[in-house]
Amino acid sequence: MPLLMHFCNLMMRPIQEFYSQLPINQPVVITTHQKPDGDAMGSSLGLFHMLKALGTDVTVISPTNWARFLNWMPGCEHVLDFEANRAKAQQLIKSAGYIFCLDFNTLSRTRNMAQPIAQSSAQKILIDHHQQPEVEAFSFGESNTSKSSTCEMVYDFIVESGYGELINESIAQCLYAGLMTDTGSFRFPSAGASVHKMVARLKETGFSHSKVHEEIYDNFSESRLRFIGHALLNRMSVMYELNTALMYISKKDLLDYEIKTGDTEGLVNYLLTIEGIRLGAIVVDRDEERKWSFRSKGNFDVNTFARKHFEGGGHFNAAGGRSSKSLEDTKQDFLEVIQQYQSALNN
Ligand code: 5GP
Ligand code: MN
């Protein structure tokens, strides 16, 4: 193979070069990261509705189950859970002409789907806003860390490809959900003018933003609220010399309070509400691994921190990671490595 061609195969081509392939007349799979959040599910279903309107045979496959508070999204009832429907999902991935990969940028984030996706001959299209994409895995795509959310990028995709008139109430609800959750309800610096212009355009469809807010934030069990009380009272430690707060959740806590997928989301944000705290970390003792969430304020880079110490990654101020050690040992690891960052956390 000539060197240049070989090089081209390794390059992810800009998403704009993909637009001429719309509408797609081959089967399409849309997928996202494991345990999808509002942005992952919202962007997948927003794109699903657009492609459906163009007559494409399209299926959304989630690598795992998802939080109950996402079930209201139009189209969610058609989303296939890979873990629960392996044979069917594997067949769809194998026979797809295109696989859209939304809100993640390394195949490992799709857990058990990573291998079937890598082996599929489909063209893979990335739309994502996390740092350090695995570009060699994708044929086309856009990776833009300055974007508020993948939902904003799917909105850009629909408008820039010339199909803006397809944006209806269903698409608006889905895309608004991810925009809202990934910007912390429009409070993060990423909620700039383009975000607010997008909201104005979505509002023209007549969808109710209050309803989206209620569906996502006011839809939990009593037990989950009591669990938050327990976690704040009994599972949090604050290290003022490091401007850091740490929280842990044991397996017993998860059982005692009947904690379901999605119920621990957002807990880490409480840590940053303490005056002066620059780094918040929470570790949850899940069946398969110890799952870390990191949040920071200002110039402490949790993407690099998570990559370096906890096999993770994400954004500059919001990242996740994992450990296969025990809860006690991974907490100890955190307490040890954090000492190296005393000066970074104090300026
Ligand atoms: P969360 O703490 O809400 O689970 O994740 C924060 C951000 O980091 C999200 O954008 C999420 O997609 C990303 N993230 C979470 N866990 C991981 C991980 O294990 N690896 C990578 N690369 N990103 C992660
Ligand atoms: Mn996102």
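This is a predicted model: local features need pLDDT of at least 70, side-chain atom pairs count only at pLDDT 80 or more; totals for chains, interfaces and linings use all residues.
Local features need pLDDT of at least 70, and side-chain atom pairs count only at pLDDT 80 or more, while totals for chains, interfaces and linings use all residues. Side-chain values use heavy atoms, without hydrogens and water.

**Manganese site.** Four protein donors (N, O and S atoms within 2.8 Å of the metal, 3.2 Å for Na, K and Ca; water is not among the atoms, so sites may look incomplete) hold ligand 2: D39, D103, H129 and D182. They lie 2.1 to 2.4 Å from the ion. Their spacing along the chain is D-x63-D-x25-H-x52-D. D39 lies in helix α2 and D182 in helix α6, so the pair ties together parts that are 143 residues apart in sequence. Helices are DSSP runs of H or I, at least four residues; strands are runs of E, at least two.

Both residues of this pair count as buried (under 20% relative accessible area, 1.4 Å probe, protein chains only; exposed is over 50%, partly exposed in between), as tabulated.

| Residue | Helix | Relative accessibility |
|---|---|---|
| D39 | α2 (residues 38-53) | 0% |
| D182 | α6 (residues 169-182) | 18% |

**Helix α5.** G162 follows α5, with a positive phi near 95 degrees.

Key: Residues are numbered from 1 along each chain as its sequence is written. Chains are lettered from A and ligands numbered from 1 in the order in which they are written.
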